[in-house]
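Okay, thanks for coming, everyone. I'd like to talk about aromatic rings today, so let me put the structure up.

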Amino acid sequence: MQILLVEDNQDHALLIQDLIGSAFSDDTSVHTEENLLPAMDLLSDKTFDICLCDLQLPDSSIGETIDRLKQIETCVPIIILTSINDENVAHKLLTYGMQDFLPKDELNINLLHRICTYAIKRKQQQILLEERTSDMEAFCRSLSHDFKGMVRRIGSSSKIIQEKLGEAITEELSDWFRLLDTNVNAIGALEKGLYDYLSTNNLAIVTTEVDLNVVVEEVCATLEGGEDQSYNIAVSELPSINGVRSQLFILFYNLIQNAIKYNENEPKINIAHQFNKKSHSHVITFKDNGIGMKEEYLKKIFSPFYRLHSDRKYQGSGLGLSIVKRIVENHGADIRVESKEGSGSCFFVSFSQLEH
Ligand code: ADP
């Protein structure tokens, strides 16, 4: 087995090398790097079976190490070596694909052996799963692309026939054409939903500072450009967060659009922000005065194609909230909803902030 140890403290490195010597067979070798950047180069090929990585390194502060590890693409499982104060950070790094963390003050032969062995197995399973998901998604993407072309052709054929019929079109025929157009639009919306769902499966996301006030403005401008019904929206001052701009737009768009759509009143939407000091997260709430939902459905609505209403009453593909959930997961965030039938709904999205 080949182990990459990224540790600048000589004493710690020697201690870990000793433990590795006792925990694994004789043919195990350890390559030690004191800096993160050369270690990251080494991680891009498959030479190593596992990497043990400290967070604070001479060429990379804890914050920089976090940002770099969040974006790394490697098939080598990475275990974070933690000191007493950075366990909280290491915990959060697990959501960005790190396999596990090892507190330096608790290191022993058994723990080291168990954690490394499981991490290697888990990473192999993860890669297998990612390959299968990626095949499946390529298949769906190609299907969705073919769909798009065919639906567009059906839509334009219908228009041509209507034009050719001109004055000769009867009331009954008009009804049939309306039904055809409604269904063509529904398949178009499904195809768009599928496209968004697939394109938001972004495991190694490149993030920037995104001002959520601007995102809301853009969403409202887009909604106003469409044919949606009128609505009132009140937005309190929102924070800027680290995220993927295009995905955050889709997240806000879907939640606001649902608040307008699932509503029998004049829609009133309230978007507010609170900072939760305990979880160190920005919580954004989307409150509406719409039709609400029964408690028993609140977890299920985030699954793809799960709808509570027929297409005749409220049009939709059933993909909106599953896309929202994916985006939330991509951002290491959380989403939950409180709702009561007839009394509106409130969605809570919590973006946790890493403490550097
Ligand atoms: P779609 O709107 O395309 O059906 P979604 O995934 O966005 O798909 O939503 C799933 C279901 O959750 C919807 O069909 C609807 O029944 C319910 N839902 C979503 N948002 C709200 C809301 N704000 N108020 C009431 N019901 C909602």
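**Rings and their partners**

Let's start with Arg326: its charged end sits over the ring of Tyr197, 3.9 Å from the ring centre. By that I mean NZ of Lys or CZ of Arg within 6 Å of the ring centre and within 35 degrees of the ring normal. Arg336 does this too, with its charged end over the ring of Phe348, 4.0 Å from the centre.

Quick word on the source: this is a predicted model, where local features need pLDDT of at least 70, side-chain atom pairs count only at pLDDT 80 or more, and totals for chains, interfaces and linings use all residues. Residues are numbered from 1 along each chain as its sequence is written, and side-chain values use heavy atoms, with hydrogens and water left out.

Now, how many aromatic pairs does the structure hold? Four. Pairing takes Phe, Tyr or Trp rings (the six-membered one for Trp) with centres within 6.5 Å; planes under 30 degrees apart are stacked, over 60 edge-to-face, the rest tilted.

One of them is Phe252 with Phe286, edge-to-face, at 5.0 Å centre to centre and 70° between the planes. This pair links distant parts of the chain, 34 residues apart: Phe252 is in helix H8 (residues 245-261) and Phe286 in strand S10 (residues 281-288). Helices (H or I, at least four residues) and strands (E, at least two) are DSSP runs, numbered from the N terminus. Phe252 is buried at 1% relative accessibility, and Phe286 is buried at 3%. Buried means under 20% relative accessible area, exposed over 50%, partly exposed in between, with a 1.4 Å probe and protein chains only.
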